[in-house]
Amino acid sequence: MKNMGSPVKVGKMDATSFSSIASEFGVRGYPTIKLLKGDLAYNYRGPRTKDDIIEFANRVAGPLIRPLPSQHMFEHVQKRHRVLFVYVGGESPLKEKYIEVASELIVYTYFFSASEDVLPEYVTLPELPAVVVIKDGTYFVYDEYEDGDLSSWINRERFQGYLHVDGFTLYELGDTGKLVAIAVIDDKNSSVEHTRLKSIIQEVARDYRDHFHRDFQFGHMDGNDYINSLLMDDLTIPTIVVLNTSNQQYFLPDRHIENTEDMVQFINNILDGTAEAQGGDGLLQRIKRIIYDAKSTVVSVFKSSPLLGCFLFGLPLGVISIMCYGICIADTDGGVDEHEAAKKENSDRELTDEGSEEEQEEEKNGRYTGLSDGELKQKDVMEKKKD
């Protein structure tokens, strides 16, 4: 950043030593990357690579709205960005809203402004001012009545219509509120079935965008490892699955997808509620998730290193067993000792009580009180005669 002449200063902080500052900035996990700009703190949520972090820092540190004064500049920027948001027009409430949304979502994408004559010839705007997104070889104009809130619309449209989906991308797509239709394939497998399903998803994303773009995101995923852990099931690839990232539900086609029409019918069944939803975030599914994750962790550890698995799981179990055995033995001995002590105490109390009764009786009768030595001898003689 320094060599590039960037105004951004890079530093680090040990949040365990400065917990008050970490709490102030809402740090909940490590590592956390933030960019401080004025009174605002922007969280970095992109891939953890040097180039992506530098690109994020330059984007957020720069102006919220970047002007495009000429067609040449517009073409240059368009080559660098696959998704381009542009405000066209003068001062207006829409521009104020655009600036407000840019201050929130600049962590994800760039925001530009331009005059109408700078735009490509194929872009036709029904009225000004307007916000337009240029992507996938075409453009789409924001309509407040059909698209709702501007922030929600930009958050949905910041992705291309078709994506190579991985775990990070799927996590980011969760913010859009869209269902994600994925062709789960093996990129290294060039068989007809793998390429056919991928082509079907691409065709639906391109040809039926006006029908499904508000509700669906399309893409493909390489391999089924991640999707298996997400669905807690073993999917046979190639296959198609539709994920609802908001509640962890998913949909599987009830018949083989042969062509684009079959895929469109499957999507329509999901939209009208006739397709069966599986999974979810209910209590039973949460319990199943805990068991599945624990099982997967144990199995993966033992597969990678059996000796390490025995040590990691055997040692704690051995310690816990010894502790439980010690507690049980301690309770038994303690109970016997307490019983013996209580029994002895009761016996001593009885002896003490008897002695005190005899002394009270002797004091009451005055049996030996005030007798002389002669009287005592005479009393002994009389008792012997009586015996």
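This note sets out points on surface, aromatic and charge–ring features of the structure above.

1. Basis of the values. The model is predicted: local features need pLDDT of at least 70 and side-chain atom pairs count only at pLDDT 80 or more, whereas totals for chains, interfaces and linings use all residues. Residues are numbered from 1 along each chain as its sequence is written, and side-chain values use heavy atoms, with hydrogens and water left out.

2. Nonpolar surface patch. Met13, Phe18, Ile21, Phe25 and Leu36 make a nonpolar surface patch of about 440 Å². Patch residues have over 30% relative accessible area and no salt bridge, and nonpolar side chains (Val, Leu, Ile, Met, Phe, Trp, Tyr) are joined within 5 Å; a salt bridge is a side-chain nitrogen of Lys or Arg within 4 Å of a carboxyl oxygen of Asp or Glu. Leu36 is exposed, at a relative accessible area of 54% (exposed means over 50%, buried under 20%, and partly exposed in between, with a 1.4 Å probe and protein chains only).

3. Aromatic pairs. There are 11 aromatic pairs in the structure. Rings of Phe, Tyr and Trp (its six-membered ring) pair if their centres lie within 6.5 Å; planes under 30 degrees apart count as stacked, over 60 as edge-to-face and the rest as tilted. One of the pairs is Tyr44 with Phe56, tilted, at 4.8 Å centre to centre and 55 degrees between the planes. Tyr44 lies in the loop between β2 (40–43) and α2 (50–61) and Phe56 in helix α2, so this pair ties together parts 12 residues apart in sequence. Tyr44 and Phe56 are buried.

4. Tyr142 and Trp153 form a tilted pair, 5.3 Å centre to centre with 50 degrees between the planes. Tyr142 is in the loop between β7 (138–141) and α5 (144–147), and Trp153 is in helix α6 (residues 150–157), 11 residues apart. Both residues are buried. Ring pairs also link Tyr142 and Trp153 with Phe85, Tyr87, Tyr98 and Phe111 into a cluster.

5. Charges over rings. The charged end of Arg158 sits over the Tyr108 ring, 3.8 Å from its centre, and that of Arg209 over the Phe140 ring, 3.4 Å from its centre. The criterion is NZ of Lys or CZ of Arg within 6 Å of the ring centre and within 35 degrees of the ring normal.

6. His213. His213 lies in the loop between α9 (209–212) and β10 (216–222) and counts as buried at 11% relative accessibility. Leaving aside residues up to four places away in sequence, His213 touches Glu157 and Lys178 (heavy atoms within 4.5 Å).

Note on methods:
Patch = residues over 30% accessible without salt bridge, like charges linked within 9 Å, V, L, I, M, F, W, Y side chains within 5 Å. Areas by Shrake-Rupley, 256 points an atom, 1.4 Å probe, with all protein chains shown as cover. Helix = DSSP H or I, 4+ residues; strand = E, 2+ residues; numbered from the N terminus.
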